[in-house]
Amino acid sequence: MKTLVDHLGQYAEYHRDRRNIFSHFIGIPMIVVAVAVLLSRPGWEVAGLWASPALLTALAAGIFYLRLDLRFGLVMALLLGLCLWAGAALAQQGTLVWLGAGLGLFVVGWIIQFIGHYYEGRKPAFVDDLMGLVVGPLFVVAELGFLLGLRAEVEAAVEKRAGPTCIRPHKPLAS
């Protein structure tokens, strides 16, 4: 199994432009909430919890994150729990509200992502490895931690693999 640094380092190779990383702080949370919203139907209330495909997906992702790293995994589990709460709240509304919120967040989130990759001049990581879809939210949490001065050893290992972040002049998207 790949390590935390393996996953973050591989993902970071596609994300060295600070404008692209910033776009991920907005776009990825929107997409994660959108997926939670859209997968919260069908759902059933069981012992005060909303049981749905979103819950199963979040449990699988949470286990993946916890196996990679306990500290980042706990943060991800908390954030996934908040996404599940929002998804359940919207899924219990009318179909127009549920679908409008889910699809709207999803589409706008991806637009923001692609704007960031325009500045990066490189395609999104998931194009070459679908695991990028799972690692992306963890990358955002890790980058936030790095900005706060946390986990310097992980940041150093990721930068050793992917290089430092910077603001680059725009270049066309590479394939």
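## Annotated spans

Let's start with residues 130-150, whose end C-alpha atoms lie 28 Å apart; this span is 76% helix and 0% strand. Helices here are DSSP runs of H or I with at least four residues, strands are runs of E with at least two, and both are numbered from the N terminus. For residues 97-118 the end C-alpha atoms are 31 Å apart, and the span is 100% helix and 0% strand.

Both spans come from the UniProt record, an unreviewed entry, which places the feature "transmembrane region" at residues 21-40, 46-66, 73-91, 97-118 and 130-150. UniProt positions follow the numbering used here, feature names are shortened, and annotations may be inferred rather than shown by experiment.

## What kind of model this is

Please keep in mind that this is a predicted model: local features need pLDDT of at least 70, side-chain atom pairs count only at pLDDT 80 or more, and totals for chains, interfaces and linings use all residues. Residues are numbered from 1 along each chain as its sequence is written, and side-chain values use heavy atoms, with hydrogens and water left out.

## Helices α2 and α5

Two packed helices are described by the angle between their axes and the distance between the axes. For helix α2 (residues 18-38) and helix α5 (residues 95-120), the axes come within 7 Å and cross at roughly 160°. That angle makes α2 roughly antiparallel to α5. Angles under 35 degrees count as roughly parallel, over 145 as roughly antiparallel, 65 to 115 as roughly perpendicular and the rest as oblique. The axes are lines fitted to C-alpha atoms, for helices over the stretch in contact, and angles run from 0 to 180 degrees between N-to-C directions.

The crossing of α2 and α5 is left-handed, meaning that the near helix is turned anticlockwise from the far one by less than a right angle (clockwise would be right-handed). Residues of this contact divide into 18 nonpolar, nine polar and two charged. In this scheme Ala, Val, Leu, Ile, Met, Phe, Trp, Tyr, Cys and Pro count as nonpolar, Asp, Glu, Lys and Arg as charged, and the others, Gly among them, as polar.

The axes of helix α3 (residues 53-68) and α6 come within 11 Å and cross at roughly 60°, which makes α3 oblique to α6. This crossing is right-handed. Phe64, Tyr65 and Leu68 in α3 meet Val134, Pro137 and Leu138 in α6, and the contact residues divide into six nonpolar, no polar and no charged.

Leu138 lies in helix α6 (residues 132-147) and counts as buried because its relative accessibility is 1%. Buried means under 20% relative accessible area, exposed over 50% and partly exposed in between (1.4 Å probe, protein chains only). Leaving aside neighbours within four places in sequence, Leu138 is in contact (heavy atoms within 4.5 Å) with Leu4, Leu8, Tyr65, Leu68, Phe72 and Met76.

## Backbone points to check

Most residues other than glycine have a negative phi, and most peptide bonds are trans. Here, the peptide bond from Arg41 to Pro42 is cis, with omega near -5°. Pro42 is found in the loop between α2 and β1 (44-46).

Ala47, in the loop between β1 and β2 (49-51), has a positive phi near 50° and counts as exposed at 82% relative accessibility. Arg151 also has a positive phi, about 55°, and sits in the loop between α6 and α7 (152-162). Arg151 is buried, with a relative accessible area of 12%.
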